Amino acid sequence: MTRAVHGGRDPRDGGPVVPPIYQSAMFAARTLEEQAELSTTDRFYMRYDSPNFRSVERVLADLEETEDAVVFGSGMAAISTVFLSLLEVGDHVIALRDLYGGTVEFLDHHLKRFGMSLTYVDAVEPTHLAEAVQPRTRLVYVESPSNPLLRLVDLESMARFCREHRLLSVIDNTFASPVNQRPLRLGIDVSLHSGTKYLSGHSDVICGAVCGSRTVMARVREGRRDFGGILDPHAVFLLQRGLKTLALRVERQSQSALTLATYLQSRQEIQTVHYPFLDSHPQHALARQQMAGGGGMLSFELTSGLNATRVFTESLKSFTLAGSLGGVESLVTVPAITTHGRLSPERRAAMGISDGLIRLSVGIEDVEELQADLDQAFQRVADSRVA
């Protein structure tokens with residue numbers, strides 16, 4: 001992806017090939033008049049803005065094919081700032097029930113404290129949305145693919161409905177990344193990311209990003225300034241460096257994930273495999289329509305229960321037992337313990353997340369080695385039953 005490599009700059013302009021790190025909290029002015037002028041630019045005070053921010057934001061906006069982007073100190077800072085900067089007291093939100101546990105906690109615990117209301121829907125289809133719309137509904141929020149069951153939303157239909165009802169449409173595009181999905185091309189208003197995952201891609205920086213029109217991003221940028229969810233200059237550097245290899249990484253991860261999902265589907269120890277580019281996925285046709293690739297995430301359930309899940313995950317060697325995703329290394333986690341561990345068992349059950357659900361984040365290792373690792377873990381499960 002050429003745009004990610006060149007980083008929003010024309011190589012003919014001269015200057016440093018790699019954007020420099022501005023490790024300074026503020027910028028000097030020569031006169032009071034100049035200081036007043038600088039206060040509305042990226043060369044005043046780092047909580048307000050920074051040349052580092054603007055450099056990587058141009059790249060992100062370009063990748064998402066939109067006008068502007070805003071970077072944050074974490075994915076949750078990005079998510080919370082979107083809600084708190086775009087909504088007012090009394091506003092109502094419609095959200096997909098299938099969401100990352102941290103997002104659910106924020107929506108459940110904090111929106112009401114700020115005088116807003118919320119309705120969850122099982123599927124974002126026109127009929128479900130029409131039933132949930134209220135006079136003060138302002139925003140529809142989804143993930144697609146969702147974490148951790150890889151369920152999809154018809155983004156074009158959702159965007160059309162939101163336009164007709166003058167609602168703001170927002171998607172967490174973390175799982176797909178701009179390589180596999182461009183939601184704004186389909187009419188969605190705002191696309192956000194936990195940049196910790198695929199955007200940076202090396203599991204060494206916490207960051208977030210929000211992309212959309214200049215008008216909407218101006219409000220989000222103001223929220224970042226006021227709430228203070230900024231990103232450290234060195235973290236910006238790592239994010240921008242990671243973006244240069246985004247396409248290569250995600251294409252490799254998507255290919256390997258499809259190979260492993262197909263393999264897992266053939267195992268008799270597996271009850272269900274969740275991966276959008278499998279023919280067996282209930283929304284396979286939609287996935288092929290709005291995604292360039294299935295992504296590097298998949299999840300599945302063993303037929304033999306929680307003890308088998310423990311043996312399986314703890315036996316893996318090429319998959320590291322860790323609760324994040326999107327990096328170059330392959331990871332495994334049990335969402336009921338990590339990503340959705342703070343939700344009640346009843347809430348997880350309502351979302352379809354069992355205690356035995358296993359989530360894999362497929363990295364860039366040789367897929368044959370990853371499959372061999374899964375093989376030996378299945379054998380360890382079988383041996384544990386005999387013992």
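Cys162 counts as buried (under 20% relative accessible area, with exposed over 50%, partly exposed in between, a 1.4 Å probe and protein chains only), at 1% relative accessibility. The closest cysteine sulfur to that of Cys162 is in Cys211, 18 Å away and too far for a bond. Cys207 is in no disulfide either; the sulfur of Cys211 is its nearest, at 12 Å. Cys207 is buried, with a relative accessible area of 0%. Zero disulfides (pairs of cysteine sulfur atoms within 2.5 Å) are present in the structure.

The model is predicted, with pLDDT of at least 70 required for local features and 80 or more for side-chain atom pairs, while totals for chains, interfaces and linings use all residues. Residues are numbered from 1 along each chain as its sequence is written, and side-chain values use heavy atoms, without hydrogens and water.

The protein has 15 helices and 12 strands, taken as DSSP runs (H or I, at least four residues; E, at least two) numbered from the N terminus. Its radius of gyration is 21 Å, close to the 21 Å of the globule rule for 387 residues, so the protein is as compact as a globular protein of that length. That radius is taken over C-alpha atoms, and the rule is 2.2 Å times the number of residues to the power 0.38. The C-alpha trace spans about 80 × 50 × 35 Å along its principal axes.

Of the 387 residues, 54% count as buried. Contacts (heavy atoms within 4.5 Å) with a separation of 6 or more are 73% between residues 24 or more positions apart.
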